[in-house]
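Dear colleague,

I am passing on the structure we spoke about, and below it you will find my notes on what came out of going through it. Please read them with the model open beside you.

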Amino acid sequence: MSRKIAFFDIDGTLTSELDGRVPEDAAEAVSRARANGNLMFINTGRCFQNVEPRFRSVGWDGYVCGCGTNIYCGGQDVLHISQTHATTMRLLHTARDLDIDILFESRTQVAFDLSRPLRHPEALHLYQSFTAKQYDMPEELENPNFFADKFVIWYQEPAQLEAFRRVSDKWFDCIDRGGTFREFVPRGYSKATGIQYVLDHYRMELADAYAFGDSNNDLSMLSYVPHSIAMGNASPESLFAQVEYVTAKASCGGIRQALEHYCFI
């Protein structure tokens, strides 16, 4: 059996769309695929500090984090792309001027701008979630030692996003995450570039790469690899027409089903 490599999104792919847990059959299938000599990677928009221990405990050969800006192979940190403090401050002050909620992410911490109350319910909910998990969230963002790898925003009106992007588009690509939520990734980096970096690291061919996803955030990697898998719970449903294989929902054995279909296990 030739060695293959698979890349998994976390939310709604590795985890159940019903309760956010990692289904036991998914964890077992990943373990069996590795035991058969295949490489298994998480490929996520989350920066490494936000890849929770419960996800890491599944057992992986490495991680592509922050949409390709931070990569770990075999326990080694092999790539890290971060922004300067000056760029981070330009984004911070633009968000403040436009009354936009902003969350900065890096491989060691997350940071909301708390200079005024968070406006968007989703932003507030996420802040409360991070607080409950006791995440390291610095509040003095103008400290010269503060920087970020990527960030997300929540806005209220389209004009706010348009004005913000007149600044951010110089350095970042904008990913539509639905509603008034947007993710920003440094230009030239994505889940797809992360896959190619890992393939080069292991001297593997693209033909041996598989990607699992469930949302628009996964489009870059799903369209890059020859073997793309959408979870049955994927949204929007238009994603189904853009992949090679549609598996069952994450909560209904979707990971196991696809790994069996492609002879990982």
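Which element supplies the largest share of the lining of the largest pocket? In this predicted model that element is α5, with 5 residues. The pocket itself holds about 900 Å³ of space, and of the 33 residues that line it, D11, R46, L126, R177 and F181 are the closest to its centre. Two or more lining residues come from each of α1 (10-14), α3 (53-56), β6 (101-105), α5 (121-132), β8 (150-154) and β10 (181-186). Sorted by class, the lining has 12 charged, 12 polar and 9 nonpolar residues.

Turning to the sheet, 8 strands make up an open arrangement with mixed pairing, in the order β5-β4-β3-β2-β1-β11-β12-β13. Because β5 (76-80) and β13 (245-246) stand at the edges and have a single partner strand each, one side of each is left without a neighbour in the sheet. Strands β1 (residues 5-8) and β2 (residues 39-43) run parallel and are joined by 4 bridges, with I5 standing opposite L39 in β2.

Leaving aside neighbours within four places in sequence, W60 is in contact with F8, L14, V30, R34, M40, F41, I42 and F55.

With best wishes

Technical notes. Residues numbered from 1 in each chain as written. Predicted model: local features only at pLDDT ≥ 70, side-chain atom pairs only at ≥ 80, totals over all residues. Heavy atoms only, no water. Pairing = 2+ DSSP bridges. 1 Å grid on protein atoms, 1.4 Å probe; cavity = no way out; pocket = protein on both sides within 12 Å on 5 of 7 lines; lining within 4 Å. Points joined across faces, edges and corners; volume = space filled by probe spheres on them. Nonpolar A, V, L, I, M, F, W, Y, C, P; charged D, E, K, R; others polar. Contact = heavy atoms within 4.5 Å.
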